[in-house]
Amino acid sequence: MQDADVLDNISTGVLCLDKALRVRYLNPAAEAQLAISTARVCGLHARHIDSLPPVWLTTLEQALREKHPIVRRGVELVLPAGAYGQVDLVITPLHEEGPVALVVEVQAVDRLQRISREESLLNAQEATHSLVRGLAHEIKNPLGGVRGAAQLLARALPDGELGEYTEIIIREADRLRDLVDRLLGPKVQPQLEPLNVHEVLEHVCRLVRAEAGPALALTRDYDPSLPDILGDRTQLVQAVLNIARNALQATSEQVVRELAIISRSQRQFTIGNRRHRLVCRVDIVDNGPGIPEELRHSLFVPMISGRADGSGLGLAISQSIVNRHGGLLTCDSRPGETRFSLYLPLEESYAQAP
């Protein structure tokens, strides 16, 4: 295996530069962390990596001059679409003469914390779903009995006025059954087929535009190079639409209502305990007031809602659908910006979530 093949398959970002500080090589992890592409910066001076601050150039020059490794901790990144991050840089000069003079390792500071947090989120989702399945079984069985008894009673009652009460029992039993079914989410496993994720997003945009009208500033920022995903179109439309409707409700009091839908590819990304070489990332960003701090840790738990009239099922159902596609739904919120990020594997095959 060639050295480049090895570097292409590790999760640490690696850049190689020559003596003139021109970029000679980036591995996929570095491209993802710094939001740049090899095609755009290869052969150019390191100053063209504009996601890194100016101190980056000073450190490179120092490492070349002093000929010993330098570590920079907590270097702030400025990424597209308003995202941000921190990385540690390890800059190592090579003593042998050759086309590469400096090797730079890029390690996301929060990577391990993020992996641990997301693995905990997936475990919590599975535990919650198991609890809901058990409760649904315990609730639906007696509900069926109550409904059947009410129907028999309605037939036996001679008084038409008393029949009104049996109708109430039947109607409320049906309402509770529908609520339990919604808690369980889709009853069938996803019917996976090659799917253009932008077709799904455009369909959601049309629905959102019809609901919100011209008062909504809707922005689309798609990566046209994204390959097809394996997905169930109906279920993914439902998952994205639930999030978009949440955003509409969150921005209902804003003078200017803004919603952005962004698609990108992301390399060497870990979902739970599995690292994927390539995933599709869809961001749904609104300019609402943000999610209250006390709700952020229970955002995807069924029946938890920040609105008095909310059912608390929309986000839980979206997370369940995304999990069944082998993916993950996360949220980052602050006043003026709430970003839901949906990650779906782009490999041709993956272990489907149960």
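Leaving aside neighbours within four places in sequence, R22 is in contact (heavy atoms within 4.5 Å) with C16, L17, G43, L44 and H45. This residue belongs to a predicted model, in which local features need pLDDT of at least 70 and side-chain atom pairs count only at pLDDT 80 or more, while totals for chains, interfaces and linings use all residues. Residues are numbered from 1 along each chain as its sequence is written, and side-chain values use heavy atoms, with hydrogens and water left out. R22 sits in the loop between strand 1 (13-17) and strand 2 (23-26); helices (H or I, at least four residues) and strands (E, at least two) are DSSP runs, numbered from the N terminus. With a relative accessible area of 39%, R22 is partly exposed; on this scale buried means under 20% relative accessible area, exposed over 50%, and partly exposed in between (1.4 Å probe, protein chains only). R22 and V41 lie 19 residues apart in sequence, and their C-alpha atoms are 8.7 Å apart in space.

The loop between strand 1 and strand 2 also holds L21 and D18. L21 is buried, at a relative accessible area of 5%, and its phi is near 60°, a positive value in a residue other than glycine. Most residues other than glycine have a negative phi. D18 counts as buried too, at 6% relative accessibility. A polar atom of the D18 side chain lies 3.0 Å from the backbone nitrogen of A20. This pair is a polar contact, that is, a pair of N or O atoms within 3.5 Å; within protein, one must be able to donate a hydrogen and the other to accept it, and residues adjacent in sequence count only if both atoms are side-chain atoms. Beyond its neighbours within four places in sequence, D18 is in contact with R24, P99 and A101.

A positive phi is found again at A35, where the angle is near 55° in a residue other than glycine. A35 lies in the loop between helix 2 (28-34) and helix 3 (38-41), and is partly exposed, with a relative accessible area of 38%.

Stepping back to the whole chain, the secondary structure comes to nine helices and twelve strands. Of the 354 residues of the protein, 44% count as buried. Among contacts between residues at least 6 apart in sequence, 62% join residues at least 24 apart.

Helix 8 (233-250) has 18 residues and reaches 26 Å from its first C-alpha to its last, close to the 26 Å expected at 1.5 Å a residue; the expected span is 1.5 Å times one less than the number of residues. At the start of helix 8, a side-chain oxygen of D232 reaches to within 3.2 Å of the backbone nitrogen of T234. The buried residues of this helix include L236, V240, I243 and A247. An α-helix has 3.6 residues a turn, so residues three or four places apart point the same way. Helix 9 (residues 314-324) is mostly covered, as ten of its eleven residues are buried; among them are L315, S318, Q319 and R324. Just after helix 9, G326 takes a positive phi of about 80°.

The structure holds one cavity of 30 Å³ or more, and the largest cavity has a volume of about 50 Å³. On a 1 Å grid over the protein atoms alone, a cavity is a set of points where a 1.4 Å probe fits but cannot get out, and lining residues have an atom within 4 Å of a point. Grid points are joined across faces, edges and corners, and a volume is the space filled by probe spheres set on the points. The lining of the largest cavity consists of V197, V200, L201, L236, V240, V282, L342 and L344. Helix 7 (197-212), helix 8 and strand 12 (337-345) each supply at least two of the lining residues, and helix 7 gives the largest share, with three. By class, the lining has eight nonpolar, no polar and no charged residues (Ala, Val, Leu, Ile, Met, Phe, Trp, Tyr, Cys and Pro count as nonpolar, Asp, Glu, Lys and Arg as charged, and the others, Gly among them, as polar).

Strand 12 also contains S341, which is buried, with a relative accessible area of 4%. The side chains of S341 and R281 are joined by a polar contact of 3.4 Å. Not counting residues up to four places away in sequence, S341 touches R281, V282, D283, L328, L329 and T330.

Terms used:
On a 1 Å grid over the protein atoms alone, a cavity is a set of points where a 1.4 Å probe fits but cannot get out, and a pocket is an open set with protein on both sides within 12 Å along at least five of seven lines; lining residues have an atom within 4 Å of a point.
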